[in-house]
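This short report looks at one protein chain, beginning with a single residue and ending with the whole fold.

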Amino acid sequence: MKALRHFLLVYNRQTGETDVRGDFPASEARAALRARFQLERDLRECLDLEIVVLTGATLEGLRKTHSRYFGGTANRAFAGV
C-alpha cells in the first residue's frame, strides 16, 4: 500500500474545474493546512472557489472517492505552483 499524501485543491463550483495546488507527504499535514489557509486568505474574494485538502494514497484514487471535485472537463494538475 502506498503512503498517504495530502493534496491541496482549488475547486471552482461554477465551472467544475479543479486545480491541484500542492502535494504534501503524510508527515506534512500541518504544512498542507497552512497552505490551505493561506490560499483561503489570498482568494477570499472569489466566492465560487472551494479550497480543500484531501488525503489519499494517489490523486487517481481521490478522483474516484471524491468525484465531486473532479467532474469538470478541464482538471489541471499543479496550476500556478
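## One residue and its neighbours

Which side chain does a polar contact of 2.8 Å join to that of H6? The partner is the side chain of T55. A polar contact is a pair of N or O atoms within 3.5 Å; within protein, one must be able to donate a hydrogen and the other to accept it, and residues adjacent in sequence count only if both atoms are side-chain atoms. A polar atom of the H6 side chain also lies 3.3 Å from the backbone oxygen of A26.

H6 sits in strand β1. With a relative accessible area of 10%, H6 is buried (under 20%; exposed is over 50%, partly exposed in between, with a 1.4 Å probe and protein chains only).

## How the model was read

This is a predicted model, in which local features need pLDDT of at least 70 and side-chain atom pairs count only at pLDDT 80 or more, while totals for chains, interfaces and linings use all residues. Residues are numbered from 1 along each chain as its sequence is written, and side-chain values use heavy atoms, leaving out hydrogens and water.

## Fold and core

The protein chain has 2 helices and 4 strands (DSSP runs numbered from the N terminus: H or I of at least four residues, E of at least two). Their order from the N terminus is β-β-α-β-α-β.

The largest nonpolar core has 10 residues, including F7, L54 and F70. Such a core is a set of buried Ala, Val, Leu, Ile, Met, Phe, Trp, Tyr and Cys residues joined through side-chain atoms within 4.5 Å. β1, β3 and α2 each supply at least two residues of this core.
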